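Biologist: I would like to learn how to read pockets in a model. Please take me through them one at a time.

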Amino acid sequence: HALNVTQLLSDLTRKAAGMERTFSFEDLEPRIMPIPECGCWIWEGYITMYGYPEIVRSGVNVGSAKATRRVHRIVYELLRGPIPEGMQLDHLCRVRCCVNPDHLEVVDSRTNTLRGVSIAAANARKTHCVRGHALAGDNLLLWGRNKDRVCKTCARAREQAREARIR
């Protein structure tokens, strides 16, 4: 690649002014590989250990937490508009390195977590305990600091069994 003096001076000027470089879709497009079969746009640049696409911001101290940006957020903002403060992008396709804005939906943190595949998400989706009792209404107990959902019928049975062992 030829050294682009104009771009270098522009980046240095932004750095001195404390401004970050903005990206255009044309900057990012060479690293995006469309997959016609599923519609995903796979980022071929840097991928974090969690599978998310990232790019380094110029004009930002590389040692800082704000030195990188998630590429799917940049592409979404370029093609769809701003993401409201405090909101996240959910990958509807479940492919974290996909940057196709058609595969992304703006959601709150709770919705994004519950749609995921984590243990917390799986537990939150449960409607019945392992013994088939409903986790709702009078049979639902919110327990502890994390407000874990507990079946009252099973908790009562466990307590009675524990008391019987003690006697």
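Biologist: Which residues lie nearest the centre of the second largest pocket?

Modeller: The general idea comes before the case. Rolling a probe the size of a water molecule over the atoms shows where empty space is left. A pocket is an open set of points on a 1 Å grid over the protein atoms alone, where a 1.4 Å probe fits, with protein on both sides within 12 Å along at least five of seven lines; lining residues have an atom within 4 Å of a point. Here, Lys126, Cys129, Leu135, Arg149 and Val150 lie nearest the centre, among 14 lining residues. The model is predicted: local features need pLDDT of at least 70, side-chain atom pairs count only at pLDDT 80 or more, and totals for chains, interfaces and linings use all residues. Residues are numbered from 1 along each chain as its sequence is written, and side-chain values use heavy atoms, without hydrogens and water.

Biologist: What volume does the second largest pocket have?

Modeller: About 270 Å³. A volume is the space filled by probe spheres set on the points, which are joined across faces, edges and corners.

Biologist: Which element gives the largest share of its lining?

Modeller: Strand S8 (148–151), with four residues. Helices H5 (119–125) and H6 (152–166) each supply at least two. Helices (H or I, at least four residues) and strands (E, at least two) are DSSP runs, numbered from the N terminus.

Biologist: And the largest pocket: which residues lie nearest its centre?

Modeller: Tyr52, Leu89, Arg94, Arg96 and Asn112, out of 15 lining residues. The largest pocket holds about 460 Å³ of space. S5 gives the largest share of the lining, four residues.
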